[in-house]
Amino acid sequence: MGLEKTMAQVQLAIGNTGPQEEAARLEALTATGILDTPPETCFDTITSMAAEYFKADTVLLGFADESRVWIKSYWGEPVRELPRKNSVFERVLAEDGPVVVPNINDDPEWRVRRLPLRRLDALSFASAPVRSSDGRILGALTVFSCQPRRPMAVTELRMLESLADIAASQLELRKLRKALNRHRQRQERRAQPGTEIWPRKTDLHRALEKRQFVLYYQPEVELATRRIAGLEALIRWQHPDRGLVPPMDFIPVAEETGLILPIGDWGLSEACHQIRQWRAEDPERAAPRVCVNLSARQFAREGLADHVEALLRRTGVSSQQLGLEMTESSLIPDPDTAMEVLGSLRRLGVSLLMDDFGTGYSSLNHLHSLPFDVLKIDRSFITRMTEGEQPLQIVRTIVELARVMGMDVVAEGIETREQYALLRQLGCRFGQGYLFSRPVSATTISTMLRLPGRILPDPADPQAPAN
Ligand code: C2E
Ligand code: MG
Ligand code: MG
């Protein structure tokens, strides 16, 4: 960690970074737009989590331009900006990595300068860089304490770095969202009248009437044993001419036109009937929990919990056998109502799963306050986790946070044995993905449920059937 460097050496190192390096750094910072935007709640959650974890007196998350460090979130002492000169940020930049000072009095440079905070008499601090995707240091997450502290354990330092990485990934997501919006606008402008738009509302209506929707199911496995622990129901449209149409080709239209409500009702009811059928096929053992995806409009509908309760009663399915998956964005329009609806679903006893975790606007913020039982790590994180230390660190942190909050974790989209092995090492308990099984028909699931112990074949075993 290079704690032995003196401030003079640090100054020298900053000098060595050179104006070109600094220009590139500022360019990367500008691309995020972070200095021009109002505070974001997700950053507040990162600082308050850091405060909680490190029992800190003040936590600052700031991004530095040429002369100032702009604090985008603080916990404890209110700070909006600090001079960059001689700041903790400069030291992180010079070290090109985290800095831990367990006791300022033992550090000659800091002892004379004190920390540039008004009321806080900090005696120790630890700071981790927030980097752009190409590795430039844009800012720092720093925890201050009024007590000297013992040197940080490796796991603690990892936690600090992970929280800084989550701040970095939020910056990346902001950029992605901006690019996506631009792309959408361009596409809308390009859409010429006369080009075929498919499906239309009437196509979906007809599909419902003609019973062309089907549910496929993908096993969710316990990673240590490969036992089928649950199933995710995924809708498909069995179209007479177009074949099996994936949900992303029609769910958005169903959402826009409101037809998602009858389609969603059908899906829920179909899943409950299927649970009953599997139970009848194997009365000795409980059927695994089936999780159904709910879209924003279904979630926002008045009386959702009553509807689910009536359905469970009608089909004779126990609430423990049903799970509901929601993405964070479907909860956002009205967080208070979301809290109420989730509360009433939870009282029924159905499991609540937060889907695609990590891709939303303020994932941590919601995770902290909403009563979810399970967190599903979005596939994009699993795909990237073998690409380097930073993505791996993000997954590690999510697993750790879920553990601290007493939630189960499911990793989505496991495709390779390497990802499987890494997730097991990280202590991620459940997963789903093509490595174990693609989504398959209810009949194929019946066969899988008859496997001894409901344990899926080892994907490392050359005898295992490919899927
Ligand atoms: P989701 O809920 O996140 O579902 C996971 C998606 O990832 C599924 O795509 C699944 O087939 C896919 N997947 C699973 N493992 C792997 C893997 O290892 N590699 C890759 N490349 N993909 C994998 P699918 O079935 O196309 O569903 C897409 C989305 O459509 C779902 O995302 C969900 O948001 C939505 N959806 C599906 N069924 C329903 C439904 O009944 N109602 C509503 N409202 N939405 C649904
Ligand atoms: Mg899902
Ligand atoms: Mg998902």
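A polar contact is a pair of N or O atoms within 3.5 Å; within protein, one atom must be able to donate a hydrogen and the other to accept it, and residues adjacent in sequence count only if both atoms are side-chain atoms. The legends below describe a predicted model, in which local features need pLDDT of at least 70, side-chain atom pairs count only at pLDDT 80 or more, and totals for chains, interfaces and linings use all residues. Residues are numbered from 1 along each chain as its sequence is written, chains are lettered from A and ligands numbered from 1 in the order in which they are written, and side-chain values use heavy atoms, with hydrogens and water left out.

**View 1. Surroundings of ligand 1.** Ligand 1 is surrounded by 23 residues, where a residue counts as near if one of its heavy atoms lies within 4 Å. The closest are Arg 236, Asn 293, Asp 355, Glu 415 and Tyr 434. An oxygen atom of ligand 1 lies 2.9 Å from a polar side-chain atom of Asp 355. The backbone also takes part, with a polar backbone atom of Ile 235 at 3.1 Å from a nitrogen atom of ligand 1.

**View 2. The magnesium ion (ligand 2).** Glu 232 (OE), Asn 293 (OD1), Glu 325 (OE) and Asp 355 (OD) coordinate this ion at 2.0 to 2.3 Å. Donors are N, O and S atoms within 2.8 Å of the metal (3.2 Å for Na, K and Ca); water is not among the atoms, so sites may look incomplete. Along the sequence, the donor residues follow the spacing E-x60-N-x31-E-x29-D. Distant parts of the chain are linked here, as Glu 325 belongs to strand β11 (residues 322-327) and Asp 355 to strand β12 (residues 351-357), 30 residues apart. Helices (H or I, at least four residues) and strands (E, at least two) are DSSP runs, numbered from the N terminus. Glu 325 and Asp 355 are both buried; buried means under 20% relative accessible area, exposed over 50%, and partly exposed in between (1.4 Å probe, protein chains only).

**View 3. The magnesium ion (ligand 3) and its neighbour.** The protein donors of this ion are Asp 355 (OD), Asp 356 (OD), Glu 412 (OE) and Glu 412 (OE), at 2.0 to 2.6 Å. Their residues are spaced D-D-x55-E in sequence. The magnesium ion (ligand 3) lies 3.9 Å from the magnesium ion (ligand 2), and Asp 355 coordinates both. Asp 355 is in strand β12, whereas Glu 412 is in the loop between β14 (408-411) and α15 (417-426), so the pair ties together parts that are 57 residues apart in sequence. Asp 355 and Glu 412 are both buried.

**View 4. A six-stranded open sheet.** The strands follow the order β3-β2-β1-β6-β5-β4, with antiparallel pairing. β3 (81-83) and β4 (99-101) stand at the edges with a single partner strand each, so one side of each has no neighbour in the sheet. From one strand to the next, the twist averages 25°. Two strands pair if DSSP finds at least two bridges between them. Strand β2 (residues 68-75) is joined to β3 by three bridges, and Val 69 stands opposite Leu 82 in β3.

**View 5. Helices α2 and α3 on the sheet.** Helix α2 (residues 41-54) lies across β1 (58-64), β2 and β6 (137-145), at about 70° to β2. Helix α3 (residues 88-95) packs on the sheet and touches β1, β2, β4, β5 (124-131) and β6, its direction making about 120° with that of β6. Contact means heavy atoms within 4.5 Å; axes are lines fitted to C-alpha atoms, for helices over the stretch in contact, and angles run from 0 to 180 degrees between N-to-C directions. Eight of the eight residues of α3 are buried, including Val 88, Phe 89 and Leu 93.

**View 6. Backbone details in the loops.** A cis peptide bond, with omega about 0°, joins Trp 198 and Pro 199. Pro 199 is found in the loop between α5 (154-190) and α6 (201-209). Lys 55 is not a glycine, yet has a positive phi of about 50°. Lys 55 is in the loop between α2 and β1 and counts as exposed at 67% relative accessibility. Asn 86, in the loop between β3 and α3, has a positive phi of about 60° although it is not a glycine. With a relative accessible area of 23%, Asn 86 is partly exposed.
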